[in-house]
Amino acid sequence: MTEVTELIRPEGEALDTKEVLLNLGPQHPSTHGVLRLVLELDGEYVERVDPHIGYLHRGTEKLAESFTYTQIFPLTDRLDYLCPPSNNLAFAIAVEKLLGIEAPVRAQYIRVMMAELARISGHLLITGALPMDLGAMTALLYAMREREMIMDLLEMVTGARMHTSYCRVGGVREDLPDGFVDKIREFCEIFPNRIRDYERLMEKNRVFLKRTRGIGVISAEDAIDLGLSGPNLRASGVDWDIRRDEPYEIYDRLDFNVITRGEGDCYARWQCRVDEMRESIRIIEQCVEELPDGPFQIDMPTIAFPVDKEKVHCSMEALIQHFDLSAYGFNVPKGEVYSAIEAPKGELGFYILSDGSPKPFRMKVRAPSFVNLQALFGVSNARYLADMIAVLGSLDPVMAEVDK
Amino acid sequence: MSGEPLDRALIMKRFEGAIEDLGTAHGIHAFAVPPETIVEVCRVLKDDPALRFNFLSDICGVDHHPETPRFEAVYHLYSLPNKWRVRIKCRLGDPPEISSVTGVWRTANWHEREAWDMYGIRFTGHPDLRRIYMWEGFEGFPQRKDFPLRGYKDKLNPFGAEGPPPTQPDLATKEIP
């Protein structure tokens, strides 16, 4: 052994080293989409990281300026495509604040239920994808199996698996179908045991623990300074959840815990999300129990489409209402609003500036993944290139949301 | 649960006429700040023990074309200890320029790069003001109101609008100090 070492490093002679620029991505499985990282490497150590984004930039904000408010819902689907109902909800709440209206209670329950299903769906992906980035394939396959159940539930309600466009200003598009409540009860029964499975799969996996525990630690001060939000912030020990601290919809009636962890490392971020799924199940169970009867859409013909689609074919008023809303939209009073919700990735905010017309004058999306991805700079003790992958995976950026 | 709601007078008193009260819109107090003082105002808002706006939610550029002053930078701050939100607005002329607040919150870095990329708002003192979404060498600022939705026609973009790109190559490509 000594001979070999001497061969590599002759006595008294420094190795001839130089910094290497490594281009990671944009097409790389562990960048979770089209992220390109330019890394300055000193051997295996990362000296500097420079993320290049924008490969998926679709100009959502510019497009929104030429769309009516109802037409913008499909655009919001395509932000964080793992959990479209959350994005729909954030946008709907912002517009409703501008209009000074509120959705009926039943609609609010349905929206919250959908948003929590979306949260589980988003967290499931990271629960499986982080171990997969680190070499453990099984967890992803398990997680995808359960995600499929959520997809089926979403399809049952909205007709679409991914881009649901389910919310509308002043309610939701249509009521829950027959048999949905039983289906979701069944899911709530099965799922908690499955969460236990993921934990059992990973919490004693030595490779996974070695590569996530104590790696990529972000302190609470750093996390706030870097603008982290959602599970990434709570994993650093900051107890902040918009659902509890600025309750929207019916969250103030629900009983749930805000999960925080103190360590701030990759494992804490992973564990935080796993625990949040349990709380989401609790929220869904409460929503199902308390789900009230009533309309699923606000009774305002100037804003909401006719509830009974059949009427459009035989009633002049309904036809005019439907045509007017499709072709012209509805005027939104002049003003500005910033409204944020707790999306699976963090604070998802919509800043809308209205000039009184049916199209927003300016719509800004405060995308949580965009801000969270910046924390790559702030992670001080992820020194190895391989740790960079763990940190990136644990921050859970969705490139569609980063690039807007 | 959130504690006491934010008292507008508290902030107005703290700055003594240096900022203008824009009233409350949908639960968020808004203040107009002259662009020269933005860094000091932000620092006080962050460090004052009675305010502690330690979380920068968002920085957003707005183009009010054809109004003058044409541009606006909008800051949304949040106070994690007090659970308050405020909105800070700065009207900017053309070409728009304002000091960077990256020294106050590190998270401002990418927000300001986005506003530069999309609106051409130059944040002086920013450590690395490059385009973030558009590619290097792109001309013009796509979210300005006078930039066509489909871009300008060229060999890669046959559906774009007729006409030459806006003549601001010096702004778009100039080295940022």
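**Figure 1. Strands β4(B) and β5(B) in the predicted model.** In this predicted model, β4(B) and β5(B) run antiparallel and are joined by nine bridges. B:Tyr75 stands opposite B:Ile88 in β5(B). Four residues lie between the strands of this hairpin, in which B:Lys83 takes a positive phi near 60°.

Figure 2. Strand β4 of chain B spans residues 71–79 and is mostly covered, with nine of its nine residues buried. B:Phe71, B:Ala73, B:Tyr75, B:Leu77 and B:Ser79 point one way from the strand, while B:Glu72, B:Val74, B:His76 and B:Tyr78 point the other way. The residues of both sets are buried. β4(B) also runs antiparallel to β3(B), to which eight bridges join it. One of the residues involved is B:Asp63, whose bridge partner in β4(B) is B:Phe71.

**Figure 3. The three-stranded sheet of chain A.** The strands of this open sheet follow the order β6-β7-β8 in chain A, and their pairing is antiparallel. β6 and β8 (362–366) of chain A are the edge strands, each pairing on one side only. On average, neighbouring strands of the sheet are turned by 10° against each other, direction ignored. Strand β7 of chain A, residues 346–354, is joined to β8(A) by five bridges. A:Ile352 has A:Met363 as its bridge partner in β8(A). Helix α4(A) lies across β6, β7 and β8 of chain A and runs at about 150° to β6(A).

**Figure 4. The largest pocket.** This pocket holds about 940 Å³ of space. Its lining consists of 36 residues, and those nearest its centre are B:Tyr133, B:Met134, B:Trp135, B:Phe138 and B:Pro142. Two or more lining residues come from each of β3 (45–52) and α2 (60–64) of chain A and α3 (108–119) of chain B. Sorted by class, the lining has 17 nonpolar, eight polar and eleven charged residues.

**Figure 5. The second largest pocket.** The space in this pocket is about 650 Å³. It is lined by 27 residues, of which A:Lys97, A:Glu246, A:Pro247, B:His26 and B:Gly27 are the closest to its centre. At least two lining residues are supplied by each of α4 (84–99) and β6 (335–343) of chain A, and by each of β2 (28–32) and β5 (84–92) of chain B. The lining has eleven nonpolar, eight polar and eight charged residues.

**Figure 6. The largest cavity.** The structure holds two cavities of 30 Å³ or more, and the largest has a volume of about 50 Å³. It is lined by A:Thr70, A:Arg168, A:Val169, A:Gln297, A:Ile303, A:Ala304, A:Phe305 and A:Phe330. Five of these lining residues are nonpolar, two are polar and one is charged.

**Figure 7. The second largest cavity.** The volume of this cavity is about 40 Å³. From chain A, its lining includes A:Glu61, A:Arg362 and A:Lys364. Chain B contributes residues including B:Ile59, B:Cys60, B:Gly61 and B:Gln143. β8 of chain A, together with β3 (55–63) and α3 of chain B, each supply at least two residues of the lining. The largest share, five residues, comes from α3(B). By class, the lining has five nonpolar, three polar and four charged residues.

Key
Residues are numbered from 1 along each chain as its sequence is written. Chains are lettered from A and ligands numbered from 1 in the order in which they are written. This is a predicted model: local features need pLDDT of at least 70, side-chain atom pairs count only at pLDDT 80 or more; totals for chains, interfaces and linings use all residues. Side-chain values use heavy atoms; hydrogens and water are left out. On a 1 Å grid over the protein atoms alone, a cavity is a set of points where a 1.4 Å probe fits but cannot get out, and a pocket is an open set with protein on both sides within 12 Å along at least five of seven lines; lining residues have an atom within 4 Å of a point. Grid points are joined across faces, edges and corners, and a volume is the space filled by probe spheres set on the points. Ala, Val, Leu, Ile, Met, Phe, Trp, Tyr, Cys and Pro count as nonpolar, Asp, Glu, Lys and Arg as charged, and the others, Gly among them, as polar. Two strands pair if DSSP finds at least two bridges between them. Axes are lines fitted to C-alpha atoms, for helices over the stretch in contact, and angles run from 0 to 180 degrees between N-to-C directions. Contact means heavy atoms within 4.5 Å. Buried means under 20% relative accessible area, exposed over 50%, partly exposed in between (1.4 Å probe, protein chains only).
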